[in-house]
Amino acid sequence: MLKETIPAYIKNEINGDKAVIFKEELNYAIKNQIIDQSIDLIEEDGNKRFLNAYIERGDKETEEFLGEETSSFLENPITYFKDHMNEFMYMESEWFEKIDIESVSFEVDDLFKTYDVLIGLKKQKKHEAKIKSYFAEKMHGEDARFSPMFNQKDGIWEINFTFNHIDGFYEEMSIGEAYQLIYQILFGLIETVES
C-alpha cells in the first residue's frame with residue numbers, strides 16, 4: 001500500500017522542482033528510493049498534518065457524542081483527559097486512511113491512569129505475528145499493555161495500547177504532538193507489516 005500511496009502523495013505535492021512533504025513520508029521515499037532525484041524534498045511542519053481531521057469527543061461509558069472539535073483542540077495538553085476522565089477523543093483523517101488505519105481514539109484508562117490509544121487497522125489476520133512483534137519492540141516498561149484483537153465481522157484489527165510506554169512520550173505534550181507520535185508509530189507498523 002505505501003508503495004502506491006507515497007509516490008502518489010509526493011507527485012501531488014510537486015511544485016516545480018520541489019515537494020513539501022511530511023517527515024515519515026519523506027524518510028520512506030528516501031529509504032525506498034521512490035522519487036525522481038531531480039525533485040527537492042522539503043520536510044513539512046508536522047503540526048499541519050491533522051489540520052483537516054475530523055475530531056470529536058465522546059463519553060467513555062455511554063459513547064454519547066459530546067462535541068465536534070476544530071484543530072485548535074489539538075493545542076490542549078494531553079492532561080486534558082486526566083481532567084476529563086469521562087471523555088475520549090476520536091479522530092478520522094485522510095492521513096490514517098493512507099496507512100490503512102480506520103480511526104484513532106485517545107483516552108485515559110480509569111484504573112491505571114495511563115493514556116490509551118485504540119486503533120482500527122485494516123490488515124488481514126495473517127499479519128498477527130508481525131503486529132505483535134512490532135508492538136513488543138516499540139513498547140517499554142513493566143506495565144506496558146497491548147491488546148490486539150481481530151474483528152472477523154469487520155475484517156479489521158482492533159488494537160489498544162498504552163501510549164505512556166512508547167519512546168517519545170512525555171506528559172507535557174499537546175494532543176497534537178501525541179497524535180503526531182501515534183502517526184509515526186502507526187506508519188512504522190504499516191512499513192513492518194508490508195515488508
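Author: The expected span of a helix is 1.5 Å times one less than its number of residues. Helices (H or I, at least four residues) and strands (E, at least two) are DSSP runs, numbered from the N terminus. This is a predicted model, in which local features need pLDDT of at least 70, side-chain atom pairs count only at pLDDT 80 or more, and totals for chains, interfaces and linings use all residues. Residues are numbered from 1 along each chain as its sequence is written, and side-chain values use heavy atoms, with hydrogens and water left out.

Reader: What span should helix α6 have, and how far apart are its end C-alpha atoms?

Author: Helix α6 covers residues 175-194, and its 20 residues should span 28 Å at 1.5 Å a residue. The end C-alpha atoms of α6 are 28 Å apart, which agrees.

Reader: How many residues of α6 are buried?

Author: Of its 20 residues, 14 are buried, so α6 is largely enclosed by the rest of the structure. Buried means under 20% relative accessible area, exposed over 50%, and partly exposed in between (1.4 Å probe, protein chains only).

Reader: At what angle do the axes of α5 and α6 cross?

Author: The axes of α5 (residues 128-138) and α6 come within 10 Å and cross at roughly 140 degrees. That makes α5 oblique to α6. Axes are lines fitted to C-alpha atoms, for helices over the stretch in contact, with angles from 0 to 180 degrees between N-to-C directions. Angles under 35 degrees count as roughly parallel, over 145 as roughly antiparallel, 65 to 115 as roughly perpendicular and the rest as oblique.

Reader: Which residues make the contact?

Author: With contact meaning heavy atoms within 4.5 Å, α5 contributes Lys130, Ile131, Tyr134, Phe135 and Lys138, while α6 contributes Gln184, Ile185, Gly188, Leu189, Thr192 and Val193.

Reader: Turning to α1 and α2, at what angle do their axes cross?

Author: The axes of α1 (residues 2-13) and α2 (residues 23-31) cross at roughly 110 degrees and come within 10 Å. The two helices α1 and α2 are therefore roughly perpendicular to each other. Their contact involves Leu2, Lys3, Ile6, Tyr9 and Ile10 of α1, together with Glu25, Tyr28 and Ala29 of α2.

Reader: A change of topic: where is Glu107 found?

Author: Glu107 lies in strand β7, residues 101-108. Glu107 is partly exposed, at a relative accessible area of 27%. Met89 is 18 residues from Glu107 in sequence, and their C-alpha atoms are 6.5 Å apart.
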